[in-house]
Amino acid sequence: MHSDNNKHLLWRGLLGWAFLFLPALLEGISAPDIGDFAEVAVIELLVKPGDTVAAEQSLITVESDKASMEIPSSTAGVVKELRVKLGDKVSEGSVVL
């Protein structure tokens, strides 16, 4: 019985350490200043829920009548959910994740 208790404590300790290294869930990421356009269309989704992304990694691609641009993540973490879909219109401050 003493051996089982030690195994339980070992697993508890390992799981505690694992949480220190888990990336944060990404949420509340919004579109930055998109220039002279009030709204632009989402033309490509570059991530999906559960993906791990790095800071500055592109999340979506948007397009105006003049150009397309990728919207990057401001921080590293795991994508919790996408709040936009293909064809949606976004503007500065629109929440995308």
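These legends accompany several close-up views of a predicted model.

**View A. Strand 4 and its surroundings.** Let us start with strand 4, which covers residues 58–63. Five of its six residues are buried, so the rest of the structure largely encloses this strand.

**View B. Strand 4 beside strand 2.** Here strand 4 meets strand 2, made up of residues 40–45, and the two run antiparallel with four bridges between them. To find your bearings, look for E44, whose bridge partner in strand 4 is T61.

View C. I60 has I71 of strand 5 as its bridge partner.

**View D. The salt bridge of K48 and D51.** Side chains of opposite charge can pair when their charged atoms come close. The model has three salt bridges, and one of them links K48 with D51, where the closest N and O atoms lie 3.1 Å apart.

**View E. The salt bridge of E81 and R83.** In this view the side chains of E81 and R83 come together, with an N to O distance of 3.7 Å. R83 is partly exposed at a relative accessible area of 47%, and E81 is partly exposed too, with 37% relative accessibility.

**View F. The salt bridge of K85 and D88.** Finally, K85 and D88 form a salt bridge whose closest N and O atoms are 3.4 Å apart. K85 has a relative accessibility of 54%, so this residue counts as exposed.

Key
Residues are numbered from 1 along each chain as its sequence is written. This is a predicted model: local features need pLDDT of at least 70, side-chain atom pairs count only at pLDDT 80 or more; totals for chains, interfaces and linings use all residues. Side-chain values use heavy atoms; hydrogens and water are left out. A salt bridge is a side-chain nitrogen of Lys or Arg within 4 Å of a carboxyl oxygen of Asp or Glu. Buried means under 20% relative accessible area, exposed over 50%, partly exposed in between (1.4 Å probe, protein chains only). Two strands pair if DSSP finds at least two bridges between them.
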